[in-house]
Amino acid sequence: MSSSSSSTSVKEAENRYGVPNRCWCGKGLDTWVSETKENPTRFYRCKIALQNKSETHLFKWVDEALLDEIRIVDAKRVDLLHELQALTGKVNVELESHRLWLVGRAEEMRNEINENMVQLTKAIDESTSLMKAQIDAKVKTHTNSKWSINQTAAAMAMIGAITYLYWKLL
Ligand SMILES: [Zn+2]
């Protein structure tokens with residue numbers, strides 16, 4: 001008896017909240033209207049409750065059941081809100097982590113570019129100095145050889161003139 005009553009009370013508890021679909025005995029429910037004419041109220045009652053009046057079957061006011069449903073929806077809404085807040089928090093953490101990674105990568109790239117620019121500037125300076133030195137050397141060589149050709153030409157002309165004079169005088 002005690003086990004059956006405890007089992008009944010568990011089933012009763014399962015059916016107690018929200019709009020019930022069926023009685024804990026397994027039968028379907030009917031919707032009735034209370035006999036009070038001033039304030040008629042609807043209620044759910046097990047289909048066999050009328051036949052077996054000695055047994056306890058489901059009885060629930062429709063207003064109460066609807067109020068339960070509203071509370072269930074409200075609780076779900078609060079749960080969803082908390083889930084959304086948790087998700088937003090996670091997304092923000094992820095985004096911040098990505099942002100920091102990008103900032104770090106940009107800094108690395110900037111340093112790499114700066115390093116390359118320094119190397120390039122150094123290489124250009126070295127090449128410029130080398131080219132300048134080579135040009136200077138060529139100009140110097142060219143000037144020297146020109147000078148030397150002029151000198152040789154002058155010397156040849158002098159020899160020619162002397163030879164001519166010598167030949168004329170003889
Ligand atoms: Zn029942």
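1. Glu 96 is exposed because 10 other C-beta atoms lie within 10 Å of its own. The cut-offs are these: a residue is buried with 20 or more other C-beta atoms within 10 Å, exposed with 12 or fewer, and partly exposed in between, the C-beta atoms being placed from the backbone. Glu 96 is found in helix H2. Helices here are DSSP runs of H or I with at least four residues, strands are runs of E with at least two, and both are numbered from the N terminus.

2. This is a predicted model, in which local features need pLDDT of at least 70 and side-chain atom pairs count only at pLDDT 80 or more, while totals for chains, interfaces and linings use all residues. Residues are numbered from 1 along each chain as its sequence is written.

3. On confidence, pLDDT is the predictor's confidence in each residue, on a scale from 0 to 100. The protein chain has a mean pLDDT of 86, and 90% of its residues reach 70 or more. Residues 1–6 stay under 50, and the model gives them zero contacts beyond four places in sequence. A contact means that the C-beta atoms of two residues, placed from the backbone, lie within 7 Å.

4. Helix H2 covers residues 62–169, and Asn 150 lies in it. How far apart are the C-alpha atoms of Glu 96 and Asn 150, which are 54 residues apart along the chain? They are separated by 79 Å. For Asn 150 and Leu 67, 83 residues apart along the chain, the C-alpha separation is 120 Å. Asn 150 counts as exposed because it has 10 C-beta neighbours inside 10 Å.

5. Asp 74 is another residue of helix H2. Is Asp 74 buried or exposed? Asp 74 is exposed, because 10 other C-beta atoms lie within 10 Å. Between the C-alpha atoms of Asp 74 and Glu 115, 41 residues apart along the chain, there are 61 Å.

6. The overall dimensions come next. The radius of gyration of the protein chain is 55 Å, whereas a compact globule of 170 residues would have one near 15 Å. This radius is taken over C-alpha atoms, and the globule rule is 2.2 Å times the number of residues to the power 0.38. Along the principal axes, the C-alpha atoms fill a box of roughly 175 × 40 × 20 Å. Of the 170 residues in the protein chain, 4% are buried. Among contacts with a separation of 6 or more, 29% are between residues 24 or more positions apart.

7. The protein chain contains two helices and three strands. In what pattern do they follow one another along the sequence? The pattern is α-β-β-β-α.

8. The three strands form an open sheet in the order S1-S2-S3, with antiparallel pairing. Strand S1 (29–33) and strand S3 (59–61) are the edge strands, each pairing on one side only. From one strand to the next, the twist averages 25°. Axes for such angles are lines fitted to C-alpha atoms, for helices over the stretch in contact, and the angles run from 0 to 180 degrees between N-to-C directions.

9. Two strands pair if DSSP finds at least two bridges between them. S1 is joined to strand S2 (residues 42–46) by five bridges, and these strands run antiparallel. Leu 29 stands opposite Cys 46 in S2. S2 and S3 also run antiparallel, joined by three bridges. Phe 43 has Trp 61 in S3 as its bridge partner.

10. Arg 22 is found in the loop between helix H1 (2–16) and S1. Arg 22 counts as partly exposed because it has 14 C-beta neighbours inside 10 Å. Apart from neighbours within four places in sequence, Arg 22 is in contact with Lys 27, Gly 28 and Leu 29. Arg 22 and Lys 47, 25 residues apart in sequence, are 9.0 Å apart in space, C-alpha to C-alpha.

11. An annotation remains to be noted. UniProt, in an unreviewed entry, lists residues 23–65 as "domain: GRF-type". UniProt positions are given in the numbering used here, feature names are shortened, and annotations may be inferred rather than shown by experiment. Over residues 23–65 the chain is 9% helix and 30% strand, with the end C-alpha atoms 14 Å apart.
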